[in-house]
Amino acid sequence: MTSHEAARIVEVRELASRIARARRLTIMTGAGVSAASGVPTFRGPQGLWREYRAEDLATPEAFARDPQVVWEWYAWRREQIAACQPNPAHEAIASLAKRPGAAVITQNVDDLHVRAGTPGLIRLHGSIWELACAARCAAGTRPWRDERVPLSPLPPRWPHCRGLARPAVVWFGESLDDATLTAAVQATACDVFFTVGTSSIVYPAAGLVHEAKSRGAFTAEINLEETPASPAVDMAVHGAAEQILPLLTE
Ligand code: APR
């Protein structure tokens, strides 16, 4: 066993005992938690933003310019995600989330946390399985769920106004849903706050661990590599979420 591995075992044990003693626990996840399920991350080696330009696919301007292209990309991602299953990281988080005083915040739109049975999930960036009225017509205030794969015809139409439907996800340049963001900020009032599999560069999500720290929480990060949040957290555990998370439920 290398000294790095020995040190990590000590860290994981300490984090597990802090989690066990915490009255209020908050976990925030990013794309890295779904990597082991086969869902591509955004900025990793085969990340989506290495292959595609976010500004061409994940902005309101891109949708206004060419809704067909945007929908073809989201339909492709839905087909990919539909073939994926929750992994041991999702399952461990689902069991931690069932404890009183626990909260789970995710940036992911794949809903693998939902499929793993995570209660009360705070979805900051929406869901790829939900659609909304692009024109925000009167009847289109709440997204509706549509899990059809393949999704057709493309682009889908909003049944009430027959206008275009859009993926109910938060695009770059758009603000988050007020109630959702409020719930996430409230969850930073906790004893232990840790992030899993996020590059901690997209705000406001990336600000939550700092908010938790300023409120006195013990903060930790689980990631394969360093992120901009690593120097700020109390503990940065470098390793794969699907290997470490199950150890935290023991
Ligand atoms: N275990 C732990 N961490 C992992 C694993 C793994 N198996 N695989 C990858 N990671 C880490 C990477 O090192 C990286 O730091 O997960 C992080 C994934 O970062 P991003 O791809 O940037 O994803 P995320 O942080 O969720 O992106 C935030 O950006 O593109 C937008 O809206 C999109 O919600 C997304 C937001």
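Predicted model: local features only at pLDDT ≥ 70, side-chain atom pairs only at ≥ 80, totals over all residues.
His90 is part of helix α6, which spans residues 88-97. The relative accessibility of His90 is 0%, so the residue counts as buried. Beyond the neighbours within four places in sequence, the contacts of His90 are Val33, Ser34, Ser37, Leu112, His113, Ala116 and Thr118.

Across the whole structure, 14 salt bridges are found. One of them joins the side chains of Glu130 and Arg145, with an N to O distance of 3.3 Å. This pair links distant parts of the chain, 15 residues apart: Glu130 lies in strand β4 (residues 126-133) and Arg145 in strand β5 (residues 144-145). Glu130 is buried because its relative accessibility, 14%, falls under the 20% limit. Arg145, at 37% relative accessibility, is partly exposed.

A salt bridge is also formed between Asp146 and Arg148, whose closest N and O atoms lie 2.7 Å apart. Asp146 has a relative accessibility of 9% and therefore counts as buried, whereas Arg148 is partly exposed with a relative accessible area of 42%.

The side chains of Arg166 and Glu174 form a further salt bridge, at 2.7 Å from N to O. In this pair the basic residue, Arg166, is buried at 9% relative accessibility, while Glu174 is partly exposed at 22%.

Definitions and conventions. Residues numbered from 1 in each chain as written. Heavy atoms only, no water. Helix = DSSP H or I, 4+ residues; strand = E, 2+ residues; numbered from the N terminus. Buried < 20%, exposed > 50% of the residue type's maximum accessible area, 1.4 Å probe, protein only. Contact = heavy atoms within 4.5 Å. Salt bridge = Lys/Arg side-chain N within 4 Å of Asp/Glu carboxyl O.
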